[in-house]
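Please look over the complex shown here. The report below covers confidence, sheets and helix packing.

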Amino acid sequence: MTGPAALAEARPPERRVRAYGVGRPGWSALVIAVAVIIATPVLAVVLDGVGSIGASTPPRGLAGMVVTTLALMLGVGAGSLVVGGGLAWLVTAYRFPLRNLLVWLLVLPLAMPAYVLGFIFLSVFDVAGPVQSFLRSAFGAGVWVPEVRSLPAAVLVMSLSLYPYVYLLARSALIEQSAGTYDAARTLGASRGRALRRVLLPLARPSLAAGLALVMMETLTDFATVQYFNVQTVSVGVYLVWKGTFDFHAATQLAVLVLLFAVAVLTGERALRGRARYHQHGGRGQGLQPELLRGARGWAATAACVAALAAGFLIPVAQLLVWAAGQLFSDASALTDARFADYLVNSLMVAGITAASCVILSMAIGHAIRLGGGRLVSFAAQLTTFGYAVPGAVVGIGVLLSFAAADDALERAGVPGGTGLVVTGSVLGILYAYVIRFIAPAYQSVSASLEKIPPTVTFSALSLGAAPRRILGRVHFPLARPGVAVAVMLVVIDAVKELPIVLLLRPFGFTTTSVWVYELARENFWEKASLPALVIVAVAVVPVFVLVRQTRRNESLGILAKEVRP
Amino acid sequence: MTARAEGAASGPGAPVPPALVLEGVTKRYGSARGVEALDLSIRAGELVTLIGPSGCGKSTTLRLVAGLERPDAGTLSVAGSVVADARSFVNPERRRVGLVFQDHALFPHLTVARNVEFGLDRLSRGERRSRVGELLDLVQLAHLAERYPHELSGGEQQRVALARALAPRPAVVLLDEPFSSLDESLRAQVRRDTVATLRDTGTTGVLVTHDQTEALSVGTRVVVMNNGVIEQADAPEVVFERPASRFVASFMGDADFLPAHVHRALLTCEIGIVSTVPGWADSDVDVDVVLRPHEVALRPAADATARVAAVEYHGAFVLHHVRLASGRTLRSWQPHDVRYPVGTAVAVTVAAGTSPTLLVGDRAVTSPPADSLGLGGSAAREAGSPDDIVPTEVPR
């Protein structure tokens, strides 16, 4: 009897419950403590900045700084949008000579920090550089040239080094997200042009907005590059006020201003993205088929791509190599300069400790979330990652403020001298600020790996009598190792490249490779800066290659599928 | 509030406490319903199946027992010790509750032997090794001890998961739809092996399933849940033949319902006299009668008012949908060689010997409702067996 009954009663399996366990007080408390530690400096900046309004005179030229910051951000944003968006469009919609190679090479400027590109630009175009020398010899000493150390030049340099953010996001939006929708539009009778305008571009808008936001945040956080160009942004203001006058309140007030800019950027991104969350992953299809550009038009497209690549990466690298070679030939001791090794060791040590701290904290947070613990723990975990969106100047001032407060508290508690020179005299402040800034990418890759572990695996381990700590060591950590490796790499590289925070927080006499490059470049010792700059570029190229390889693997699969299809 | 689960399994004389006891266990998720006042007692060595539609609360029940959720009210005991009540909560790793999941959830970075060994870290090395060997022999996987999970078939993975769960000798093993990820062809064999292993080791098991056949054929007892409450917890044949509610009747197998009337112990409905109802001699009451397709007989009759409305061929059986004069439909299983064309006039009767379940409201009744004694005299209670199993309370 049950035979036919079963036939008649075949039912779909029940929906899986994705919720985790009931949580553990200890682990949950740890996450909340990390969140508090990470949020404290930024909170301190806001409280001190807002609380001290009127207590000290605002720094001179405040209005000018705000206007300059606004102009720089809008300029770099527009520049990156034109260059990055335009190139993404070119390589996606058209086929032309060298296109397949250029698709990947165009990402390379990501490995060229703006503060390196900036001094190379100055060396070429400034008064003493080859371009102006040539102009003077050709047209006489009185020939007019635009001011090189100026806002437009800063916009140009930063756009060239930051456009890959827009390029990458726009390109992935154009090829991945909208293939199915584009196909649907074409089958509904839309022409290629109409499908582009009415479907692809609106669908790419959120990605463009995200890329633009990244570019603007990077612009806002910079206060080294812009100083080459005598551009006084608010971030520069924070740095100069702090280093020049050690006036806490004035510096924090400016830092609050920087924070407001950051909030404006993020709000703007939200608004641009609108309510539309175009994250289509299921939409498979042919998508946009690139159109062949023939003859001169094709070569013009190639030239446009090569120009951006040359200006943003090839020429600067060539220049660095020429300088470095010249140095080595004239004075082979340059490489054996003790400072070279010392500063590199400093960079790597700080980066290594930062990476280890970020990964350990990320792992602990991810583990606590898998044990459950509810909204508060999830919120705290979210909170730990917001530092990535806080400009370096704000984080730096916030760390100084928090440590000063800790000092006061200790002294009041009867410890003479408080923490002493622990902060200003050691790299502790730099490490603290680095963890705040870089825990987000670490957490993202670690938790991406952790999320691939089915919750049932964690539950099984629990039911087999394993306590949370044993699960962390025997199950979660071994299974999350790929994510841990990526996290370490990302943080180390970001930390080696990082400049503003070290400038603000380094103890007297502590120099890293990036600081050295900046100092040499500011004194116009271009040749001397070339070797450490090359080291930084070489380090920064690594993640770009990894990134390219990953995307390439995915995409070549897509291309393969397209070719196999009749 | 619902069918009382067969409690007091271990009387005062029994030395072994029940493997699992739920008393008034309640879990609510905001406005959404979780489970409400669950009462259930499972004897050591019993294999209980837990079944119900999606969202009925069976997964929540499992998570509560495993310690992955904290109950809002009630008491949960495993092997005689309280693991969750209003004041205390024992973490899952200290509960002695084993888990086997649909996706097997093996540790992908550990070999089969290491997977089984994972829960044995409190034993000495020698004890661990012999226990692992014992379990791999039990599930006949000794030859695959050094393989990694991804090198195993689905059925083998399932056996490893079972061996791993049994290794620390849990008081109760919870199996969450352990066969539904397996191929249809493989499922029956793996199910037989699993049940045999559980029986051979005397393991207490709770098997969650959405498959009615599985629930009826595997369990020594079937717990039917709906909407967060236990509708019935009884032996399989009782659940099928004496469903406690309208829901159980229609969920566990096919059932049609017809308005009926009991008068002087005679049950009548649209298709005529169905049966006699012993013990209802004094009643005069409206009820609903539950008719399953195998209980409904058909016979072509030119003067009949019922018509065959649709015919479905199911291989061994042919399912006839019959429209009665009132417009209600009944279903009837006919042997594979009987097929009445659509439109045939048929006389509908109930197969001889059928004593169908009666419903008042949505609950099954075995004795006349107290307020329905229209004929005077006292309600003679049926002196017989099923009374103590099927709930008799007045519907809500």
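Over which residues of chain B does pLDDT stay under 50, and how many contacts beyond four places in sequence does the model have for them? The stretch is residues 1-11 of chain B, with 29 such contacts. Here pLDDT is the predictor's confidence in each residue, from 0 to 100. Two residues are in contact if their C-beta atoms, placed from the backbone, lie within 7 Å.

## Basis of the model

This is a predicted model: local features need pLDDT of at least 70, side-chain atom pairs count only at pLDDT 80 or more, and totals for chains, interfaces and linings use all residues. Residues are numbered from 1 along each chain as its sequence is written, while chains are lettered from A and ligands numbered from 1 in the order in which they are written.

## Confidence

The predictor assigns the complex an ipTM of 0.82 and a pTM of 0.80. Chain B has an average pLDDT of 87, and 89% of its residues score at least 70. Residues 375-396 of chain B fall below 50. That stretch has 39 contacts in the model beyond near neighbours in sequence.

Chain A has a mean pLDDT of 82, with 86% of residues at 70 or more. Within chain A, helix 1 (residues 2-8) is lowest, at a mean of 33. Helix 20 (residues 468-479) of chain A is highest, at 94. Residues 1-18 of chain A stay under 50, with 27 contacts beyond four places in sequence. Residues 555-566 of chain A are also below 50. They have one contact in the model beyond near neighbours in sequence.

Helices (H or I, at least four residues) and strands (E, at least two) are DSSP runs, numbered from the N terminus. Two strands pair if DSSP finds at least two bridges between them. Strands of a sheet pair through backbone hydrogen bonds, either parallel or antiparallel.

One open sheet of chain B has six strands in the order 6-7-8-3-9-10, with mixed pairing. Strand 6 (97-101) and strand 10 (229-234) of chain B each have a single partner strand, so one side of each lacks a neighbour in the sheet. From one strand to the next, the twist averages 20 degrees. Angles run from 0 to 180 degrees between N-to-C directions, and axes are lines fitted to C-alpha atoms, for helices over the stretch in contact.

Strand 9 (residues 221-226) of chain B runs antiparallel to strand 10 of chain B, joined by five bridges. Val222(B) faces Asp234(B) of strand 10 of chain B across this pairing.

Four bridges link strand 11 (residues 256-263) and strand 12 (residues 266-269) of chain B in the antiparallel sense. His263(B) stands opposite Leu266(B) of strand 12 of chain B.

## Helix packing in chain A

Helix 3 (residues 62-93) and helix 13 (residues 295-330) of chain A pack at about 140 degrees, with axes 11 Å apart. The two helices of chain A are therefore oblique to each other (under 35 degrees is roughly parallel, over 145 roughly antiparallel, 65 to 115 roughly perpendicular, the rest oblique).

Helix 3 of chain A contributes Val83(A), Leu87(A) and Leu90(A) to the contact. Helix 13 of chain A contributes Ala301(A), Ala304(A), Cys305(A) and Ala308(A).
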